[in-house]
Amino acid sequence: MATTSSRTIWCLCSSVLLAIAAQPALAEMKLFESAQVTPAGEYTFGIEGPAVDLDGNLFVVNLGKPGTIGRLPAGSAASETFAELPQGSVGNSVRFDRDGTMFVADYKGHNIFALPKGSAEARLWFHSDEMKQPNDMTIARDGTIYASDPNWKGREGHVWRIVKVSDGSVQGQLMTAPRAMGTTNGIDLSPDGKTLYVGESNSGEIWSYSIRGTELIDAKLIKAFQPDTIDGLRTDVSGRLYVARILKGTIAIMKPNGAVQREVALKGKEPTNLAFGGDDGKTVFVTQRQGGFIEAFRTDQQGREHCLQRGRC
């Protein structure tokens, strides 16, 4: 979730022309050069939660108004409405499991909804009054969901572990950690599923943890950016982290030890999150709060989730 409140007024007409002019075929794009792929103004200030399904469609929350889920079909340059969440719910993160089920984090209602493959009906999957949000999510090989749960006013946060147990019910627990966390935001797993990376927006820090059941252990600070300049993050199959640098207008690509290899310059200055897609999983789609559009660039490794969804990892 974004952490600032500035807004830039964009001219929709000129932005549509820009999107058309700046969008070569994604497969033909040069590595690490970003281009705008949808018109400005399609999405609200709450644009977030990008995720790609098995058919290559990109899903992004808050198309036109809060509480919607937009779909950008593979190869398209304009989004369409896919679904609406129940009244009062607003999505912030979308993820897919290996069966094609879509999960949506509803930070307003403290819910996680599930939409079975082929369905646009959001069904309640998990709810807890103990949650402050949830915000972002990541899914492990066995279907376990890890969700960040920030308390923005209190400048603190937690991580939830949510699983379906043998009797078919869904259970969620706050994970214990060896340190007090800040405002937990971007979250993802290492390719082997043993390490959880958590970004804390208020401090600008990214921490790694080993996972032991409902415990997070071996806390390590791997990178400290400037406070309030990080949002969503994702990992690729080589273990690198891709971090949305909100306000700076870049995606930082860094090794697991925190060494930044490069920063990809974006068209907008307020990236909120990212997702891997394309036929080979090497196209990175970025949601841009500044202008309410989606942009994309090519990278040299496929995303962890993209590979896992397709049974290649």
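Two strands count as paired if DSSP finds at least two bridges between them. Strands (E, at least two residues) and helices (H or I, at least four) are DSSP runs, numbered from the N terminus. This is a predicted model: local features need pLDDT of at least 70, side-chain atom pairs count only at pLDDT 80 or more, and totals for chains, interfaces and linings use all residues. Residues are numbered from 1 along each chain as its sequence is written, and side-chain values use heavy atoms, without hydrogens and water.

**View 1. An open sheet of four strands, E10-E11-E12-E13.** The pairing is antiparallel. E10 (137–139) and E13 (170–174) each have a single partner strand, so one side of each lacks a neighbour in the sheet.

**View 2. Strands E11 and E12, with the loop between them.** Seven bridges join E11 (residues 145–151) to E12 (residues 156–164). Pro150 stands opposite Gly157 in E12.

**View 3. Ser89, in the loop between E5 (80–84) and E6 (91–96).** Ser89 is buried, at 8% relative accessibility. Beyond neighbours within four places in sequence, Ser89 is in contact (heavy atoms within 4.5 Å) with Gly67, Asp106, Lys108, Asn111 and Phe113.

**View 4. Phe32, in the loop between helix H1 (12–21) and strand E1 (35–36).** Phe32 has a positive phi of about 65°, yet is not a glycine. Phe32 is buried, with a relative accessible area of 13%.

Notes. Buried < 20%, exposed > 50% of the residue type's maximum accessible area, 1.4 Å probe, protein only.
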